[in-house]
Amino acid sequence: MNNEVNQELISQQAAKFVARLYSGELSPEEEKQIYAWCERRPEHQHEFDTMLALWDTSGQLYQTPKSPHKSPRGYWFMGMAASFVCALLAVWFLAVPQPNALYQLANERQTQYETAIGEISTVGLPDGSAVTLNTDSAINIDFSGVQRRIWLIRGEAFFDVAKDPTRVFSINTGEKTIRVIGTKFNVRKSEQTLKVSVTEGLVAVQPSARPSDDQIEFDKAETLLAAGSIGAFNGTSEVIAKVTSKEVLAHQQWRQGVFRFDNEPLSKVITEFNRYRLKKITLRNTDLGKLKISGVFKLKDGDSILSALEAALPVEVERYPNYIELTAKN
Amino acid sequence: MKVIHLNRAKKQTLAGNKKCQLVEQLYAEYGSALRRFIRVRSRLNEGDCDDVMQEVYERLLKLEGLQQKLAGRMDTVRNYLFQIASHILIDRDRRAKVRCKDNHISDHDTAIFSSIFSPERALQNRKQLRQIEMALAEIKTSHKQAFMLNRIEGMSYREISDSLGVSVSTVEKYISAALVVIRSKVSPE
């Protein structure tokens, strides 16, 4: 009971400070007061932070439907919101070091998201879609036009696209452009190949060179992938495999931070692991790469992957400052 | 995620110079208040504060028709500055979360699965928005009006005081009362 009363008082004080802060008239004395109050007890600081977070979130209230009247104020505010969005998009720029044709496309309206090695992050997009970026991946987005446009600069991403028949969602991967309305699918770009595995809905793949209309004519698309299929593309060929939904999901297990290998050669397993590692694993002898391995590994287990390999295979792990080497066990 | 700023060295046109003067003037007048706001809002050190101040400055320079926009009254202009700064700060926080600053690679240099800005988090945000919407229904009308005019319409406290016919300090009280109600209805994370 006493606690509740106390909490109520703390909330009131925090709310007072936040409202005061946003009045724009906070005096130097008041600033000191806020600091002192926050430092007095951890609950104070926590409450102040919570209040600020609520304040920020409440700014997103009713953002989607535009107000029907355009009073000078509404107009002003919308202009500001728009300029905020523009500025937000304008200040982000590619940080990819290698020269890339896609680089040229980057303009002021694009926003870039990228993950470091070993990092997996999900980004919410303005239209309600979500993109999960796998290790060492980068995308650019530009939602300012008629289409929702994304560039996959490198790596792998899972797209959960919010349905909007009026706005095509397109992903330019360089050679190919993938176009959808609302669906779930995974795209992985490596040096030579592009792999698209579809969990849900219908995905159209076409050469990027082709002009992209604002509508998708599914019957005219070069390649159509339905749910449960995986398309692999490289410069000259394409392979479409109809697979079970289980296999499609297996391609997307990275989102859960899980690797599942079923009688795969060690070389492939190592390549996969290395995508997530700064300290790469190497094989002293290429023959070792032919050893077969099955199992489920969790990314977050980190180096326990190494112990697992040691336990399962006739190999020994040798650690060096910059890399890790697997050697044959005598 | 790394971000590089474009257009930092944009050529100044004649109009640009005028704009520059205007922004300088703004900073002379509201600079210290803006800095205090940034400091308290996000607890940044002086260097980061400088960055944000600089970003606000650049954003102002990029705006079309700045002069007309800033022709309003003092509090309107100040409110405008603070809103730009808020957006920048929110954006910074969000970026920091996505990057999982400084600790996405552990000491052991191992791969770590980090899902900082996870779907769960986005869901949490949406859930919170809904909770706030629900909470609004429980707030006294006048308090709710003041809160919404500020948070949704972006009006300054003085503008709200004019349209509601109460004093500025009352507006502040209304808004903080609304916040308290919202806080009580939103489940903690």
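## Confidence in the complex and in chain B

For the complex as a whole, the predictor gives an ipTM of 0.80 and a pTM of 0.45. Chain B has a mean pLDDT of 75, with 73% of its residues at 70 or more. Among the elements of chain B, the highest mean pLDDT, 94, belongs to helix H8 (residues 168–185) of chain B, while helix H3 (residues 66–69) of chain B has the lowest, 71.

Over residues 1–14 of chain B the pLDDT is below 50, and this stretch has 19 contacts in the model beyond near neighbours in sequence. Residues 101–118 of chain B also have a pLDDT that stays under 50, and for these the model has 45 contacts beyond four places in sequence. Where pLDDT is low, the predicted coordinates should not be read in detail.

One partner of S3(A) is strand S2 (residues 121–124) of chain A, which runs antiparallel to S3(A) and is joined to it by four bridges; here A:Thr122 stands opposite A:Thr132. Five residues lie between the strands in the hairpin of S2(A) and S3(A), where A:Gly128 takes a positive phi near 95°. S3(A) also pairs in the antiparallel sense with strand S5 (residues 148–160) of chain A, over four bridges, and in this pairing A:Leu133 stands opposite A:Ala157 of S5(A).

Definitions and conventions: Residues are numbered from 1 along each chain as its sequence is written. Chains are lettered from A and ligands numbered from 1 in the order in which they are written. This is a predicted model: local features need pLDDT of at least 70, side-chain atom pairs count only at pLDDT 80 or more; totals for chains, interfaces and linings use all residues. pLDDT is the predictor's confidence in each residue, from 0 to 100. Helices (H or I, at least four residues) and strands (E, at least two) are DSSP runs, numbered from the N terminus. Two residues are in contact if their C-beta atoms, placed from the backbone, lie within 7 Å. Two strands pair if DSSP finds at least two bridges between them.
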